[in-house]
Amino acid sequence: MLARNATPNPEPSGGAGKDVGAFLKDAALRLRNPRTDREGPLVFGVDLGTATIVITAIDQRGLPIYWDSLPCEAIRDGVIVNFGDAVTAVRKLRAAATQVLGTEILDAATAFPPGVPSAEARACHYVLENAEITCRALVDEVSAAQALLKIRNGAIVDVGGGSTGVGIVSDGTIIALDDEPGGGHHLDLILAGALGIPVEEAERRKRESSEDYSIILRPGIERIGSSILRQIAGRPVSSLHLVGGAVRVANAASVVARFTGIPTTAYPHSELVTPFGIAMS
Ligand SMILES: Nc1ncnc2c1ncn2[C@@H]1O[C@H](COP(=O)(O)OP(=O)(O)OP(=O)(O)O)[C@@H](O)[C@H]1O
Ligand SMILES: [Mg+2]
């Protein structure tokens with residue numbers, strides 16, 4: 001059951017495509033399956049995540065045209081631990097996109113988690129350049145999410161594989177940014193420990209049937225809630241906007257809303273917000 005202040009679907013926000021929920025549902029259909037009625041040259045983004053590397057494309061109208069992703073463990077919390085593997089994954093995604101879309105990918109934007117030192121952030125730029133993509137913009141992930149969500153006031157919370165980033169938005173501008181370890185991988189560890197199964201199996205079960213494990217996962221989601229409150233640090237925040245793959249577990253928004261006492265919106269296909277926001281940056 002949803003907590004009273006949890007909102008399962010976003011309200012029209014005036015963001016991309018006027019309605020973020022509709023944009024994301026449409027975007028989800030574009031996995032290796034491009035929209036054919038695109039207009040003008042495509043604009044690309046590459047999300048170098050801890051769990052997955054994602055390439056996205058929008059057209060001149062800002063509509064989602066294409067995306068693809070590869071699991072990759074070359075990046076941990078914004079720090080590139082295996083440069084060669086990261087470049088290889090981006091090259092593969094670029095080659096596949098070039099073939100399917102029939103267009104060269106000359107440049108793309110990319111992003112780093114807030115709080116990452118500038119030397120590490122620059123490494124994201126070098127990953128693209130080594131995959132023969134000019135890095136046209138390097139932004140933090142929360143600002144990228146805001147490029148799509150365009151919220152006026154509240155906090156954007158990006159819960160990825162490894163970390164939880166929080167950006168506080170006031171009058172449409174991000175006024176504070178932070179990031180802490182803790183995300184979907186930590187939920188896997190909790191499930192694996194509770195069931196006595198390997199982490200990979202826990203990851204599979206969490207994705208396929210998280211509602212069956214909601215009692216076990218709840219303390220892990222509450223830990224994400226306490227990370228959010230720590231990062232908000234007592235500032236007035238009227239709403240939380242959850243993005244990132246980790247919040248796709250059942251009841252994430254209601255658990256976070258109840259724990260934090262702040263009305264919380266979960267977006268459909270929340271894992272696509274930051275990747276498509278990067279293309280919009
Ligand atoms: N359908 C799903 N149900 C539950 N969890 C999911 C689902 N899809 C993805 N996840 C979880 O989301 C996490 C990955 O999210 P995301 O793709 O946003 O991370 P990332 O961008 O690679 O990581 P980070 O932002 O921390 O660098 C993983 O822990 C994965 O298990
Ligand atoms: Mg991410």
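The following dialogue discusses how to read features of a predicted protein model.

Trainee: How many helices and strands does the protein chain have?

Mentor: Helices (H or I, at least four residues) and strands (E, at least two) are DSSP runs, numbered from the N terminus. In the protein chain there are 9 helices and 13 strands. The radius of gyration, taken over C-alpha atoms, is 18 Å, close to the 19 Å that the globule rule gives for 281 residues, so the chain is as compact as a globular protein of that length. The globule rule is 2.2 Å times the number of residues to the power 0.38. The C-alpha trace spans about 45 × 45 × 35 Å along its principal axes.

Trainee: What is the strand order in the open sheet of 5 strands?

Mentor: Strands of a sheet pair through backbone hydrogen bonds, either parallel or antiparallel. Two strands count as paired if DSSP finds at least two bridges between them. Here the order is 4-3-2-7-8, with mixed pairing. Strand 4 (64–71) and strand 8 (134–140) are the edge strands, each pairing on one side only. Within this sheet, strand 2 (residues 43–48) and strand 3 (residues 52–58) pair in the antiparallel sense over 6 bridges, and Gly 45 has Thr 56 in strand 3 as its bridge partner.

Trainee: Is Trp 67 buried or exposed?

Mentor: A residue is buried if 20 or more other C-beta atoms lie within 10 Å of its own, exposed if 12 or fewer, and partly exposed in between, with C-beta atoms placed from the backbone. Trp 67, found in strand 4, counts as buried because it has 26 C-beta neighbours inside 10 Å. Contact requires C-beta atoms, placed from the backbone, within 7 Å. Leaving aside neighbours within four places in sequence, the contacts of Trp 67 include Ala 27, Val 54, Leu 272 and Pro 275.

Trainee: Which residues touch the most other members of the largest nonpolar core?

Mentor: A nonpolar core is a set of buried Ala, Val, Leu, Ile, Met, Phe, Trp, Tyr and Cys residues joined through C-beta atoms within 7 Å. The largest one has 78 residues, and Val 90, Ile 156, Val 157, Leu 242, Ala 252, Val 256 and Val 273 touch the most other members. Helix 4 (residues 141–149) gives the most to this core, with 6 residues.

Trainee: Where is Asp 171 placed?

Mentor: Asp 171 is in the loop between strand 10 and strand 11. These strands form a hairpin with 2 residues between them, and they pair in the antiparallel sense over 8 bridges. Phi of Asp 171 is near 50 degrees, a positive value in a residue other than glycine. Asp 171 counts as exposed because it has 7 C-beta neighbours inside 10 Å.

Trainee: How many residues surround ligand 1?

Mentor: A residue is near a molecule if its C-beta atom, placed from the backbone, lies within 6 Å of it. Ligand 1 is surrounded by 22 residues, and the closest are Gly 49, Thr 50, Gly 160, Gly 184 and Gly 245. Helix 5 (184–195) and helix 6 (199–209) are the elements that give two or more residues to this shell. Helix 6 gives the most, with 3 residues.

Key:
Residues numbered from 1 in each chain as written. Chains lettered and ligands numbered in written order. Predicted model: local features only at pLDDT ≥ 70, side-chain atom pairs only at ≥ 80, totals over all residues. Contact = placed C-beta atoms within 7 Å.
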